Amino acid sequence: MDPGIIAAVGMLIAWAVLTFTTDAPGYVHLLLTIGFFLLIWRIASRGSNPPRKTPPKQ
């Protein structure tokens, strides 16, 4: 599994725990924003084709 996706899921879990168990200050909600951004970015980049290798010119 992609480390970026694992980090994004970790951020979302940390946000959920901090939000529902404490009086979370505003900067804790950055975990939600960055977590979703990272998750969507990594999923979208996994779907793209890798760059083609061009054969060397002779």
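A salt bridge is a side-chain nitrogen of Lys or Arg within 4 Å of a carboxyl oxygen of Asp or Glu. By this rule the count here comes to one salt bridge. The structure on screen is a predicted model.

**Stop 1: the salt bridge**

Select R42 and D2 and show their side chains. These two residues form the salt bridge, and their closest N and O atoms are 2.6 Å apart. R42 lies in helix α2, while D2 lies in the segment before α1, so the pair ties together parts that are 40 residues apart in sequence. Side chains of opposite charge can pair when their charged atoms come close.

Which of the two partners is buried and which is partly exposed? D2 is buried, because its relative accessible area is 15% and the cut-off for buried is under 20%. R42, at 22% relative accessibility, counts as partly exposed.

**Stop 2: helix α1**

Next select residues 3-21, which are helix α1. This helix has 19 residues. From its first C-alpha to its last, α1 reaches 27 Å, close to the 27 Å expected at 1.5 Å a residue.

Now colour G4, I5, A8, L12 and W15, the buried residues of α1. They cover an arc of only 105° around the axis, which means that they sit on the same side of α1. Turn the view to the face of α1 that points away from this buried side, and select P3 and T21, the exposed residues carried there.

**Stop 3**

In soluble globular proteins, nonpolar side chains tend to be buried together.

**Stop 4**

Is V9 buried, partly exposed or exposed? V9 counts as partly exposed, because its relative accessibility is 36%.

**Stop 5: a distance to check**

Finally, keep V9 and select I34. These two residues are 25 residues apart along the chain. Use the distance tool on their C-alpha atoms: the separation is 11 Å.

Terms used. Residues numbered from 1 in each chain as written. Predicted model: local features only at pLDDT ≥ 70, side-chain atom pairs only at ≥ 80, totals over all residues. Heavy atoms only, no water. Helix = DSSP H or I, 4+ residues; strand = E, 2+ residues; numbered from the N terminus. Buried < 20%, exposed > 50% of the residue type's maximum accessible area, 1.4 Å probe, protein only. Expected span 1.5 Å × (residues − 1). Arc of directions from axis to C-beta.
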